[in-house]
Amino acid sequence: MQSYLPLFAAIGGLFLMGGLAYFRASLLAFSLVLTASLAAYSFVSPFSELFWLAYLLIVGGLNFKPLRQQLISKPLFKTFKKIMPEMSRTEKEAIEAGTTWWEGELFRGAPDWKKLHSYPAPRLSAEEQAFLDGPVEQVCAMTRDWEITHELADLPEEIWDFLKEHKFFAMIIKKKYGGLEFSAYAQSCVLQKLASISAVLSSTVGVPNSLGPGELLQHYGTKEQQDHYLPRLAEGKEIPCFALTSPEAGSDAGSIPDAGVVCMGEWQGEQVLGMRITWNKRYITLAPVATILGLAFKLSDPDKLIGEQEELGITCALIPTDIEGVEVGRRHFPLNVPFMNGPTRANDLFVPIDFIIGGKEMAGQGWRMLVECLSVGRGITLPSSATGGIKNAALATGAYARIRRQFKLPIGKMEGVEEPLARLAGNAYMMGAASDLTVTAIDLGEKPSVISAIVKYHLTHRGQRASIDAMDVVGGKGICLGPKNFLARSYQGAPIAITVEGANILTRSMIIYGQGAIRCHPYVLAEMEATQHPNFNQGLQQFDKALFSHLGFATSNFVRSFWFGLTSNSLISTPYSDQTATYYKQLTRFSSNLALLSDVAMGTLGGNLKRKERVSARLGDMLSQLYLCSATLKRFDDDGRKQEDLPLLHWSMQDSLFQLQNALDELLLNFPNKWVGKAMRLVMFPLGKPFHAPSDVLDHKLARILQEPSETRNRVGQGRFDSRVEGNVYGELEQTLEDVLACEALYDKVCKALGEKRPFTQLDKLADEGIKLGVINAEEAALMRRTEQGRLAAINVDDFDHEQLENRPNLAKTDAADLDSVA
């Protein structure tokens with residue numbers, strides 16, 4: 001037994017040290033416990049004096065800061081200062097802009113789930129609810145998307161007037177300037193409802209309430225600018241747009257070629273200090289109708305008229321579009337979703353210096369202004385529009401799948417159709433959750449730059465995939481354009497959302513993790529800031545503290561990752577002990593994995609991580625799925641933990657966790673250092689990969705939810721426009737779904753009386769036979785006739801005379817005449 005004592009002691013020591021690491025004990029606590037353990041062991045098997053001397057030197061040196069700094073931290077500090085990649089001004093401003101919220105918890109390896117559930121559930125004020133029930137419902141009832149997208153290529157004049165009159169463009173503007181001053185949640189609810197009826201309508205309303213003059217003026221404008229412009233914007237006397245994107249600089253907005261020079265010039269008959277600006281912008285929403293143009297450009301001051309710096313950097317100015325020299329180009333035509341969008345240009349245009357938003361003191365501060373405001377707008381407008389779109393697609397497609405029959409049964413009961421229906425339901429549930437949690441952060445005063453990038457990418461991405469699923473189910477009904485088509489325009493326009501405000505490929509591969517790794521990691525930003533400190537000794541002090549905290553953090557995540565993988569998440573506490581407990585445990589496990597892999601990636605790749613975009617993308621996918629799952633758990637809790645909603649929760653969580661696992665697996669398989677990847681696989685998947693995609697049984701449950709009216713189904717589509725007003729195809733589908741379900745018992749009754757099973761068609765004629773047989777009454781017969789009308793309207797498609805489809809019917813004759821004249 002004595003011979004096994006060293007082995008037992010070693011194993012016990014490993015467990016002891018592992019336990020300390022798991023619970024993130026301090027360096028001093030580690031040292032004291034280890035010393036006490038060795039001392040106790042030495043009574044049985046004494047260590048040599050040389051061992052104790054070496055041990056005490058090491059442990060003492062690590063705990064005595066002056067010695068530790070000289071021997072360890074200082075050499076590393078000098079090395080870090082040399083190898084730390086140079087960060088551009090725009091990168092630095094982007095990283096420093098905004099705030100860190102729940103995503104910081106997800107990055108620390110041990111999320112505080114009670115903290116998540118302590119955030120208030122989003123709620124509408126009485127005023128906001130009245131606006132949704134009143135003007136929003138009214139404008140949706142006025143909207144005919146076919147008229148907008150095909151006949152007018154614009155909103156009708158009465159809708160423009162209605163939007164201005166009811167201050168739809170002033171949801172973000174404070175009441176003291178005449179605006180509505182709605183919460184971010186209220187804005188999201190408005191945009192979701194508008195998006196469910198028309199993408200053109202939601203885009204038109206969304207942009208002025210997102211990144212634009214109103215937002216920038218309220219945060220950074222001078223009092224004179226605010227007092228002049230904000231009331232006019234609130235009243236609809238001014239239509240704003242914001243011009244950032246140039247032909248040569250899309251996602252790389254920091255390299256915009258548009259430039260201005262500070263100089264003296266003539267303005268309204270006087271010599272004033274101003275700027276000569278040249279710009280060429282494109283993809284600018286509302287530019288063709290805007291009266292005031294927010295402009296981003298690079299400003300220089302070669303004569304140092306406003307300061308000592310020659311290159312001031314990106315600057316934001318406010319330019320009235322009626323100034324001579326401002327050119328508004330012709331319209332762009334984005335994928336048959338013709339919201340107002342187009343180019344704007346000017347060449348050597350002189351304007352006063354006080355046109356800069358915030359005055360000359362804000363010259364060169366434009367990038368920070370844009371990133372901070374963009375993080376708020378990007379967290380509301382696009383995610384809300386994508387969410388409103390998928391809610392509508394999910395419920396409309398579910399209704400259609402229950403109404404439409406093939407092979408003598410509703411197509412929604414076919415297993416092949418159940419699969420895409422389940423994705424529609426699950427994604428609608430999760431996207432609604434993510435949108436709500438994000439606007440909660442904004443309403444709490446956060447400017448969540450990382451979270452806004454996550455929801456912008458993942459919600460528009462899932463929205464696009466959902467439109468494909470819906471089209472697969474609807475088939476021929478979906479591909480024939482016309483007033484009765486409830487899907488085609490959202491299907492056509494889906495790529496717009498994934499392109500604007502940061503292309504999704506760039507957002508995934510660079511922005512989410514590029515910002516998240518630095519902003520959310522507990523110690524990386526502190527280490528970076530220490531290396532850039534102008535005072536060497538103060539920088540060394542900060543670096544030493546961050547470095548050893550970082551080492552302890554990484555050690556803890558290593559132990560936690562291995563332990564969780566080996567024991568199926570033992571020791572993880574959860575806020576609930578019901579069916580959701582396993583999800584909290586898995587998310588905590590993956591949070592530790594993410595934190596550990598981030599340190600491994602940064603440690604092994606260094607500055608090259610910035611260029612390893614697929615590594616960044618997969619790490620970003622892990623962070624994103626953690627956030628989406630957190631939002632889903634929060635929604636389930638906020639909704640009252642309703643048991644009937646569990647299938648939606650299970651599907652959403654299992655699908656997202658499976659995607660998270662795949663991102664982790666692909667990262668390890670393709671890790672630049674293959675041996676590091678193999679080692680991390682042993683740590684994180686010691687017993688293999690635990691997750692699989694949602695089961696067929698779960699798919700069946702979700703598909704059924706979309707096809708049968710219920711409170712759960714209503715929650716999936718919460719906030720969409722489905723009023724039964726004339727001309728609203730979505731309301732008509734809902735009415736027909738209810739009628740079909742009510743009619744099935746009558747159909748069975750008549751068929752039984754006839755002694756034969758008829759097809760579920762020609763219900764009007766079947767009603768006549770039922771009346772003759774005396775098995776149904778007049779009221780029931782009327783229901784069957786109405787159901788047949790609705791059923792045919794649901795499955796039939798529009799058709800047109802050839803001349804109706806010609807955009808320019810006389811074009812061919814004109815071209816022929818032109819050719820004759822040339823000849």
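The paragraphs below take up the strands and then the surface.

This is a predicted model, in which local features need pLDDT of at least 70 and side-chain atom pairs count only at pLDDT 80 or more, while totals for chains, interfaces and linings use all residues. Residues are numbered from 1 along each chain as its sequence is written, and side-chain values use heavy atoms, with hydrogens and water left out.

Strand E2 (residues 259-267) pairs with strand E3 (residues 270-285) in the antiparallel sense over nine bridges, where strands are DSSP runs of E with at least two residues, numbered from the N terminus, and pairing requires at least two DSSP bridges between them. Within this pair, Gly 265 stands opposite Val 272 of E3. The two strands form a hairpin with two residues between them, and Gln 268 in the turn has a positive phi of about 50°. E2 is also joined by three bridges to strand E4 (residues 292-300), to which E2 runs parallel; here Ala 259 has Lys 298 in E4 as its bridge partner.

On the surface, Glu 157, Glu 158, Asp 161 and Glu 165 gather in a patch of negative charge, a patch being made of residues with over 30% relative accessible area and no salt bridge, with like charges joined within 9 Å and nonpolar side chains (Val, Leu, Ile, Met, Phe, Trp, Tyr) within 5 Å. A salt bridge is a side-chain nitrogen of Lys or Arg within 4 Å of a carboxyl oxygen of Asp or Glu. Glu 165 is exposed at 59% relative accessible area, exposed meaning over 50%, buried under 20% and partly exposed in between, with a 1.4 Å probe and protein chains only.

A nonpolar patch of about 450 Å² is made by Phe 64, Leu 67, Leu 71, Ile 72 and Leu 76, and Ile 72 is partly exposed at 32% relative accessibility.

Key
Areas by Shrake-Rupley, 256 points an atom, 1.4 Å probe, with all protein chains shown as cover. Lys, Arg positive; Asp, Glu negative; His and termini not counted. Charge placed at Lys NZ, Arg CZ, Asp CG, Glu CD. Helix = DSSP H or I, 4+ residues; strand = E, 2+ residues; numbered from the N terminus.
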